[in-house]
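Let's take a friendly walk through one protein structure. Have a look at the picture below, and then we will follow some strands and a core together.

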Amino acid sequence: MAADINVPEASSFVDLGSVVSMEELLNQANEKSSKEFTKGKIVEGVIVAKRQDGALVDIGYKAEGFVPAQEFHDFEAAQVGDKIDVYLEEIENEHSMPGISLEKAYSIKAWNKITTEYGEGYVTKGTMQHRVKGGIMVDLEGFPAFLPGSQLDIGPVRNMDDYIGKEFDVKIIKINLDRRNIVVSRRELLEESLRDRRSALLKEMKVGELRKGVVKNITEFGAFIDLGGVDGLLHITDISWGRVGHPSEVLEVGQDIEVVILDIDHEKERVSLGYKQKTPNPWDGVVAKYPIGSRVTGRVVNIMPYGAFVEIEDGVEGLIHVSEMSWTKRISKAGDVVHVGETVEAVILDIDRENKKISLGLRQKERNPWEVLAEKYPVGRLIKGKVRNMTSYGAFVEIENDIDGMIHVSDMSWTRKINNPNELLKPGMEVEAVILDINPEQQRISLGLKQVEQDPWANIDQLYKVGDVVKGKVTKIAAFGAFVELSNKIDGLIHISQLSRDRVEKVKDVLSVGKEVEARVIKVDTDERRIGLSIKAVGESLSEDDLKQAEAEYTAALRPGEEMVDMGSVFNNESLADLNLK
């Protein structure tokens, strides 16, 4: 058997001491492989397999790395065989696989591109990712940038969540190399675009043309209309030809509206708009449409103390002044007669087209009752009525329909001077009076109380003559004498010097109010309507000379400058008792 075994020559044997073990060969291979990869670098890889949760990527290492599906911008579009750049986080992880990140590779490449190629002021696309405190994180080609809430839109943003997931153009406004962060703005782009559109739109616009817009905002003084890049002001006075209390009565935010360009200020970029100007000015035809004296129906839209404003058509109002509300009543407040919202009929009194004023009247719907009275009650007619009120100079007596006539104190008595009407009259008292005068224009009726009776002084020479002995009742006692009421309501004065042939110190020592006396007429003054009496001259047979002497004595006894005492004044002025008599 041994002869059959071929034994190789010595030279053909391997030197076992120099042979490298398999373990050493593997270690050498791993060492060689690891030297070709550097942690923290971007390496190229190939997608070798796709799973539901991600993809296996071959970067040339002994094992493939894994990239989660959410790190792909579009995982559905990724295909096996696609080349992608990944970031090598660690050469080998706990699963003996290279730790790679597609997201970080995107970020690093995007950062490098932004900082080297773009810079501040560059405009690029950005996708709104998620909200953070104060704003939104935006994906700029793989790098997360911060978009402050104030830079999201031109106006206030009510809900930033509405922007998440949407792509917008943004402007890089700040790059911080030390902190590796980027701040972007969408608002600056919108404002730039708006300025451009505004400038172009202002050049297009022409005064007088119609423009469509949307009500953007409403204030107390008007509404701002978005004309597609330019906001115009529609002032409250240009909303309607009629009365508008607040713009919200006519307009609402978001409403589509067509307006007229009234004015353009290119320097300040302001546009004034009109809405009422789309229709003709109703005041253009008011003079022809509403002749003076015609009747109109309208709605009370505003009340002031001095009158009520009535809208007789859209944009046309007239004023009913309080003085034109009643012929007979004194109206102090318009609100006592009409109310806002009430429909009234009125008469056109006057039209001022230039100042857009119409004067209306309520009372003119009926004939002036003063004119009717003038026809019904001619001068001299006797009327009956109640005393309604009194003043210091007269009393007002109701005739009819709340119309009063006035009895002046000078027309209350033929025989006495009345200083105050309460000497004869009281409110509520029914009296007879005579119509003295009616003035419809001044709405005034003059009445006479004394004119109801005949003036006794008209035939005084037939009633009383010097020398007659008369009887009467003492009505008042003064320091200088006593007043006696004779027939026909005529008063006579017995001076203290005519009471007795004996000296009288005080009138009341001889006479008292209510006492009936007999006296002789010693003076009749028809001009002054005064009668002088004497008691001491009764019982004697007096000649004409005696009567003249008595009259002279009577006159001389009176105070100089007052030939006769004003009897009416004495009745109402106690101070006359202190007159200095001779």
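## Strands side by side

Glycine 222 stands opposite histidine 235 in β13. These two residues belong to a pairing in which β12 and strand β13 (residues 231-235) run in the antiparallel sense, joined over five bridges. Strands here are DSSP runs of E with at least two residues, numbered from the N terminus, and two strands pair if DSSP finds at least two bridges between them. The hairpin of β12 and β13 has four residues between the strands, and in this hairpin glycine 228 takes a positive phi near 95 degrees.

β12 (residues 222-226) also pairs with strand β11 (residues 210-218), again in the antiparallel sense, over four bridges. Here valine 214 stands opposite aspartate 226 in β12. Three residues lie between β11 and β12 in their hairpin.

## About the model

This is a predicted model, in which local features need pLDDT of at least 70 and side-chain atom pairs count only at pLDDT 80 or more, while totals for chains, interfaces and linings use all residues. Residues are numbered from 1 along each chain as its sequence is written, and side-chain values use heavy atoms, leaving out hydrogens and water.

## Inside the core

Which residue of β18 could we look at from the core's list? Ile320 is among those with the most contacts inside the largest nonpolar core, which has 22 residues. A nonpolar core is a set of buried Ala, Val, Leu, Ile, Met, Phe, Trp, Tyr and Cys residues joined through side-chain atoms within 4.5 Å, and buried means under 20% relative accessible area with a 1.4 Å probe, counting protein chains only. β19 (343-352) is among the elements that give two or more residues to this core, and β19 gives the most, with four residues.

Leaving aside neighbours within four places in sequence, isoleucine 320 is in contact (heavy atoms within 4.5 Å) with residues including Tyr306, Met325, Val344 and Leu360.

Note on methods
Buried means under 20% relative accessible area, exposed over 50%, partly exposed in between (1.4 Å probe, protein chains only).
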